[in-house]
Amino acid sequence: MSHSSNPIAFIAVDPDALEAFYREHLPTVRRFVARRVADPELAADLTADIFLSAIDAAPGYDPSRGTPSAWLCGIARHVVASHHRGAARAHRALTREAGRRPLQADAIARAQERIDAERESRRMYAAMAGLPAGQRAVLELVALDGLSVTEAAAVLGISPVTSRVRLHRARQSLGSALAQDATTNTAPLTEVVQ
């Protein structure tokens, strides 16, 4: 695949293309990570890892399979999942020992503000943890990350029909679970199941 048919490939070789891509997609990646991680320094590390992974994967980007945002959400999903499986934990321990510079106080404050702003999304994510993995993945990509059902299907490597069925079942299950939890304020969460 040539660079002309894959403009994303340029981010791997052209610093200006990388900077433009980074500036355009940084808010999306920050929101994605902030919904899933409460620690500001970890969120900053995972954001960096996501863009490094995107640079490595850029030559393989296929525009026919989805938008650059959907592609980047797929990468972000894998990086965050890898962290939660423990692979990122070992990496962070090594980089701390190597003298990694901690975030400045103002950077921590800004990151904490973003994380606090995404608190409701983290509550929903916690409620979604009871869903089967396939249903949860489609619901996350569609409801939280703003992808279309077809884009979510491409990220997950499933058919659009399977994606629609999983999304429908996830919404039903999540709606039932939220309805049963009368002690929690679920008003913002119920919007996802409608």
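The model is a predicted one, in which local features need pLDDT of at least 70, side-chain atom pairs count only at pLDDT 80 or more, and totals for chains, interfaces and linings use all residues. Residues are numbered from 1 along each chain as its sequence is written, and side-chain values use heavy atoms, without hydrogens and water.

The axes of H2 (residues 40-57) and H3 (residues 68-84) come within 9 Å and cross at roughly 125 degrees. Axes are lines fitted to C-alpha atoms over the stretch in contact, with angles from 0 to 180 degrees between N-to-C directions. The crossing of H2 past H3 is right-handed (the near helix is turned clockwise from the far one by less than a right angle). On the H2 side, the contact (heavy atoms within 4.5 Å) is made by Leu42, Leu46, Asp49, Ile50, Phe51, Ser53, Ala54 and Ala57. H3 supplies Trp71, Leu72, Ile75, Ala76, Val79, Val80 and His83. These residues divide into 12 nonpolar, two polar and one charged. Here Ala, Val, Leu, Ile, Met, Phe, Trp, Tyr, Cys and Pro count as nonpolar, Asp, Glu, Lys and Arg as charged, and the others, Gly among them, as polar.

Thr47 is also found in H2. Its relative accessibility is 10%, so Thr47 counts as buried (under 20% relative accessible area; exposed is over 50%, partly exposed in between, with a 1.4 Å probe and protein chains only). Beyond its neighbours within four places in sequence, Thr47 is in contact with Leu26, Val29 and Val33.

Four aromatic pairs are found in the whole structure. Rings of Phe, Tyr and Trp (its six-membered ring) pair if their centres lie within 6.5 Å; planes under 30 degrees apart are stacked, over 60 edge-to-face, and the rest tilted. Phe21 and Trp71 form an edge-to-face pair, 6.3 Å centre to centre with 65 degrees between the planes. Phe21 lies in helix H1 (residues 15-34) and Trp71 in H3, so the pair ties together parts 50 residues apart in sequence. Both residues are buried. One aromatic cluster is formed by Phe21, Tyr22, Phe51, Tyr61 and Trp71.

The protein chain has 10 helices and zero strands. Helices (H or I, at least four residues) and strands (E, at least two) are DSSP runs, numbered from the N terminus. Buried residues make up 36% of the 194 residues. Among contacts between residues at least 6 apart in sequence, 63% join residues at least 24 apart.
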